[in-house]
Amino acid sequence: MTDWKALRKNMVDLQIAARGVNDTRVLDTMREVPRHLFVGRGMEASAYGDHALPIGEEQTISQPYMVAIMTVALRLTGEEKILEIGTGSGYQTALLSRLADRVFSVERIETLATRARETLDTLGLTNISILVGDGTIGWKEFAPYDRILVTAGSPAVPTSLLEQLADPGILVIPVGPRTMQQLRIVEKRDGVIEEHDEGGCAFVPLVGKDGWELPTG
């Protein structure tokens, strides 16, 4: 029988904490959330490796270290309302749901949203709402959001997401060309927007009105 708990511990200790991530809440949560439930059938044994994995529909579940870096950048206390753009497998969503008060997640691909909802429900995570739609325009109905996390690469920071970010608030988003981006941290305080980049990353494209167009042909 696979010792999933031991695999999670090794993942966090060797891939994340060993690289300098020291946010105790994030590390402890990643030791608890069963990542193997969020990968494709037959890929469970690879779930705790130091890499991204395909989840279907040309989408991926991000490398555990990148998930940790992005989550730490949100500086969560447990009281925040979060907008997540790109539900994907639901793994990042599950982490956020344990680290914040409420998560609103937008996924443009209905099959992924449905699968993620089913997995999240099996874990009893009830503070998550999922919308199938264009994540580049956010989810205006429940704005503003204390934190916004985008899990796909955008050519620029979508204006709609900046408008839906609370003041004060933090937005984390990969920005750059389709093949390689910089992880951008955007902070809004007293009406002033400050941005800085945390380093290179590679995400699937953020497709939508204020992102990339779907490739043709």
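Predicted model: local features only at pLDDT ≥ 70, side-chain atom pairs only at ≥ 80, totals over all residues.
**Exercise 1. Work out in which order the strands of the open sheet lie, and find its edges.**

Solution. 
- Start with the order: seven strands make up an open sheet that runs 5-4-3-6-7-8-9.
- Now look at the pairing, which is mixed across this sheet.
- Next, find the edges: strand 5 and strand 9 each pair on one side only, which makes them the edge strands.
- Last, check the twist, which averages 15 degrees from one strand to the next.

**Exercise 2. Say in which sense strand 6 and strand 7 pair, and name the bridge partner of Y145.**

Solution. 
- Take the two strands together: strand 6 and strand 7 are paired in the parallel sense, over four bridges.
- Then pick out Y145, whose bridge partner in strand 7 is L165.
- While you're at the sheet, look at what packs on it: helix 5, residues 110–122, touches strand 4 and strand 5.
- Compare directions, and you'll find that helix 5 makes about 165 degrees with strand 5.

**Exercise 3. Is strand 4 largely enclosed or largely open, and why?**

Solution. 
- Count the buried residues, using the cut-off of under 20% relative accessible area. Five of the six residues of strand 4 pass, so the strand is largely enclosed by the rest of the structure.
- Look at a neighbour in the sheet: strand 3 pairs with strand 4 in the parallel sense, over five bridges.
- Find a facing pair here: V106 in strand 4 has I85 standing opposite.

**Exercise 4. Describe the surroundings of R102.**

Solution. 
- List its contacts, leaving out residues up to four places away in sequence: R102 touches E80, K81, I82, T126, N127, I128 and S129.
- Zoom in on one of these, N127. Along the chain, R102 and N127 are 25 residues apart, yet their C-alpha atoms are separated by 5.2 Å.

**Exercise 5. Find which residues of helix 4 are buried.**

Solution. 
- Begin with the count: eight of the nine residues of helix 4 are buried, and the helix is mostly covered.
- Then name them: the buried ones are Y91, Q92, T93, A94, L95, L96, S97 and L99.
- Keep this helix in mind, as helix 4 (91–99) turns up again in a cavity lining.

**Exercise 6. How many cavities of 30 Å³ or more does the structure hold, and what lines them?**

Solution. 
- Start with the number, which is two.
- Take the largest cavity, with about 350 Å³ of space. Its lining has 28 residues, and G86, T87, G88, E107 and T151 are the ones nearest its centre.
- Ask which elements give two or more residues to that lining: they are strand 2 (59–61), helix 3, strand 3, helix 4 and strand 4.
- Sort the lining by class, and you get 14 nonpolar, eleven polar and three charged residues.
- Move on to the second largest cavity, with a volume of about 30 Å³. The residues lining this one are D23, R25, V26, T71, L76 and L99.
- Sort these too: three are nonpolar, one is polar and two are charged.

**Exercise 7. Locate the cis peptide bonds from A143 to P144 and from D167 to P168.**

Solution. 
- Go to the A143 to P144 bond, which is cis with omega near 5 degrees. P144 sits in the loop between strand 5 (128–132) and strand 6 (145–150).
- Now the D167 to P168 bond: it is cis too, with omega near 5 degrees. P168 is part of strand 7, residues 165–175.

Conventions. Residues numbered from 1 in each chain as written. Heavy atoms only, no water. Contact = heavy atoms within 4.5 Å. Pairing = 2+ DSSP bridges. Axes fitted to C-alpha atoms, helices over the stretch in contact; angles between N-to-C directions. 1 Å grid on protein atoms, 1.4 Å probe; cavity = no way out; pocket = protein on both sides within 12 Å on 5 of 7 lines; lining within 4 Å. Points joined across faces, edges and corners; volume = space filled by probe spheres on them. Nonpolar A, V, L, I, M, F, W, Y, C, P; charged D, E, K, R; others polar. Buried < 20%, exposed > 50% of the residue type's maximum accessible area, 1.4 Å probe, protein only.
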